[in-house]
Amino acid sequence: MNKVILVTGANSGIGLALCERLLSQDMEGLQLCLACRNMHRAQAARSALLSSHPTAQVDLLQMDISSVSSVICAAHQVKLRYSRLDYLYLNAGIMPNPQFDVKAFFRGLFSSNVITMFATAEGILTQKDSITSDGLQEIFATNLFGHFLLIRELEPVLCHAGHTSQLIWTSSSNAHRSAFNLEDIQHRRGNQPYSSSKYASDLLSLALNTHYNKEGLYSSVTCPGFVMTSLTYGILPSFPAFLWILLMPLFWIIRIFTNTFTLTPHNGAEALFWLFKQKPESLNPQVKYHSLTSGLGNNYTQPCKMDIDFEMSEVFYEKLLQLESEVRKKLKAKQQKSSTSFSPPAGSS
Ligand SMILES: NC(=O)C1=CN([C@@H]2O[C@H](COP(=O)(O)OP(=O)(O)OC[C@H]3O[C@@H](n4cnc5c(N)ncnc54)[C@H](OP(=O)(O)O)[C@@H]3O)[C@@H](O)[C@H]2O)C=CC1
Ligand SMILES: CC(C)CCC[C@@H](C)[C@H]1CC[C@H]2C3=C(CC[C@]12C)[C@@]1(C)CCC(=O)C[C@@H]1CC3
């Protein structure tokens, strides 16, 4: 039987590099499904994968993970196409309107915290969030809630008696407990919505293991390190991409001190790829699997205990279930309203 793998945010960066790595190791037994919001970019990614692996099975799925109706519609398509999903990579993510605090960066450079700053960006990065048409905070909707809804919708193809399936999240070293508040799970009030959303994914992964392991579904969290992708290029908008490339020698030097500077999407996908080869029952639900690259350029995966606890993950899970039922009700009401406004006037045939 082919292994069916769905990857969100597969048309670029770490998601695309992961697809390339999966096909390079085992092209025959894999059925890849690239879930992307933009079908032109999705087609380009598919063509790139097929040019190096001409006989690979690569399907496309249109899905805007930040939109409730789009996720439900895409999940419906998946259930029609596949009887089972073996791997679901929850990778799509955004960091819109990043604000880089130059002063804090220079202060950090000359402090004892310099390595932590380069590894986690703690204290030097904030973002400005916006609201989606569903009334959700955009970063929360994209990085976390859309994926949660997708898992819930895909339950019938993820949970099969006598068979295991894996959920693999692309989290971040920027996931800080201090940025997350159970009373404000969407981070409406703070200025670190990205960090909050990534911490939320760490909590959710733990809760999913609590609730779904008995049904054969396992969840793990990864951190790709600092990777040069369109997400990171956006952090210094006045800095064109070629200047980032010019900084590469400096980044290689920093890598000697912190192995978190994985830099290329191929390296960043290391832990995501490593998890593909593991037995899910052998994984620890309380650790994050980090992609790391040594000063000599060797990739490896290292587990690190997360700053999370069961109680908090359970409260968060309950809140997500409640939000899920609210957004479903809203969607139903919206659909009913639009169907009545389009119904033909009484008496017309
Ligand atoms: N780069 C880094 O240093 C790090 C990245 N990460 C995480 O890695 C993941 C991948 O990011 P990365 O590869 O760096 O960045 P990219 O911007 O290259 O990739 C992000 C992917 O997510 C997709 N995406 C964004 N919004 C949506 C949406 N609403 N619906 C569907 N797809 C969407 C993008 O599609 P489109 O092309 O249409 O925008 C793109 O394919 C993210 O979750 C990010 O937070 C974590 C730690 C470090
Ligand atoms: C010489 C300077 C121009 C160097 C600037 C470096 C910073 C821009 C980066 C140092 C640590 C990086 C980092 C991220 C973004 C870029 C840095 C702040 C992330 C926040 C990207 C997204 C993540 O999920 C985690 C990364 C942590 C490290």
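The residues around ligand 2, meaning those whose C-beta atom, placed from the backbone, lies within 6 Å of the molecule, are Phe 118, Thr 120, Ala 121, Ile 124, Leu 125, Ser 172, Ser 173, Asn 174, Phe 226, Thr 232, Ile 235 and Leu 247. Seven of this shell are nonpolar, five are polar and none is charged. In this division Ala, Val, Leu, Ile, Met, Phe, Trp, Tyr, Cys and Pro count as nonpolar, Asp, Glu, Lys and Arg as charged, and the others, Gly among them, as polar.

A word on the source. This is a predicted model, in which local features need pLDDT of at least 70 and side-chain atom pairs count only at pLDDT 80 or more, while totals for chains, interfaces and linings use all residues. Residues are numbered from 1 along each chain as its sequence is written, and chains are lettered from A and ligands numbered from 1 in the order in which they are written.

I turn to ligand 1. There are 29 residues around ligand 1, and Gly 9, Gly 13, Gly 93, Thr 229 and Leu 231 come nearest. Two or more residues of this shell come from each of α1 (13–25) and α9 (230–233). Helices (H or I, at least four residues) and strands (E, at least two) are DSSP runs, numbered from the N terminus. The shell around ligand 1 holds 10 nonpolar, 16 polar and three charged residues.

Next, the helices. How far apart are the end C-alpha atoms of helix α8 (residues 193–212)? They are 27 Å apart, which agrees with the 28 Å that its 20 residues should span at 1.5 Å a residue; the expected span is 1.5 Å times one less than the number of residues. Of these 20 residues, 17 are buried, so α8 is largely enclosed by the rest of the structure. A residue is buried if 20 or more other C-beta atoms lie within 10 Å of its own, exposed if 12 or fewer, and partly exposed in between.

Helix α6 packs with α8 at an angle of about 15°, their axes being 8 Å apart. The two are therefore roughly parallel, a term for angles under 35 degrees. The axes of α6 (residues 138–153) and α3 (residues 68–81) come within 9 Å and cross at roughly 30°; α3 and α6 are therefore also roughly parallel to each other.

Finally, Gln 62 is located in strand β3 (residues 57–62). With 14 C-beta neighbours inside 10 Å, Gln 62 counts as partly exposed. Its C-alpha atom is separated by 19 Å from that of Leu 50, 12 residues apart along the chain.

Note on methods: Axes are lines fitted to C-alpha atoms, for helices over the stretch in contact, and angles run from 0 to 180 degrees between N-to-C directions. Angles under 35 degrees count as roughly parallel, over 145 as roughly antiparallel, 65 to 115 as roughly perpendicular and the rest as oblique.
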